[in-house]
Amino acid sequence: MTAPIRFPRFFVTSPAPCPYLPGRSERKVFTELKGPHAEQLNEALGRIGFRRSQTVAYRPSCLDCQACVSVRVAALDFDASATQRRNLRDNGDLIATECRPWATDEQFELLQRYLGERHPDGGMATMDEMDFADMVEHTPVSSTMIEYREPTATGEPGRLVGVCLTDRQSDGLSMIYSFYDAQHPSRSGLGNYIILDHIRRAAAEGLPFVYLGYWVEGSPRMQYKVRYRPMEKLTRDGWVRISREEQDALIAAATRRRNPVPLSSGKDGRQPRLPTS
């Protein structure tokens, strides 16, 4: 007889300054992912807007703000823009390899350079090798590290230029955290390329979605997510596809207030602190 699935215990973090909207505070509701049903629980929670960080599933639970919106790309219907098609061509020589979730010195060195360039004052800036290993290796679900390398002169995988920690779900790929060479002398759009490659991978496997985490209205750092069509957002009535007209307006607004430091989700990469008692 199969043991019954126990309803998880949920906790709420103390309020803390919001990293995306100045003057606001954030808090999260979270639960631990453990036991033989951790993967099923993670998938079920993912469909109602939770994200995974190590052995925790969490979602925003702010008292006076609902700016964080869960979004996912409809991979099977993806309609690449001219800029995205050019990005795929320009970076199409990169060799992507799925690796087991095991942290390496090479990955950590790339992460340090990325954080120093993109998020020098962010919550992950003080991460050391052990913290990085915990982020990558402490997973109770089906996870992989996808490495992006430039080819050598003989066509073999060479220098590491991008990495993404990705969870595989029955309905798609969930991008947990990505980082890349933000100062590459001859390549641009590596962060976008990693997302585009995930969309292409999901579609090739017949998986309908790529989960991008939270889009935060009013935060310039998060506006890049609205550029992938078609996109669905989580509402009180469930997942709803954003209309072309609404997405056109969102993309236009994002273009007007474009920030030169885009791409990467601090909120999606930070683990809520568990209670001590």
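Predicted model: local features only at pLDDT ≥ 70, side-chain atom pairs only at ≥ 80, totals over all residues.
1. Strand β11 (residues 172-180) and β12 run parallel and are joined by three bridges. Strands here are DSSP E runs of at least two residues, helices are H or I runs of at least four, and both are numbered from the N terminus; two strands pair if DSSP finds at least two bridges between them.

2. Residues are numbered from 1 along each chain as its sequence is written, and side-chain values use heavy atoms, with hydrogens and water left out.

3. β12 also pairs with strand β7 (residues 68-74), this time antiparallel, through seven bridges. Here S70 sits opposite Y214 of β12.

4. How much of β12 is buried? Eight of the eight residues of β12 (residues 209-216) are, so the strand is largely enclosed by the rest of the structure. Buried means under 20% relative accessible area, exposed over 50%, and partly exposed in between (1.4 Å probe, protein chains only).

5. Now for helix α4 (residues 129-137): F132, A133, M135 and V136 are buried. They cover an arc of only 160° around the axis, which puts them on the same side of α4; the arc is that of the directions from the helix axis to the C-beta atoms. The buried residues of α4 pack against α3 (105-118), β9 (143-151), β10 (157-169) and β11, with contact meaning heavy atoms within 4.5 Å.
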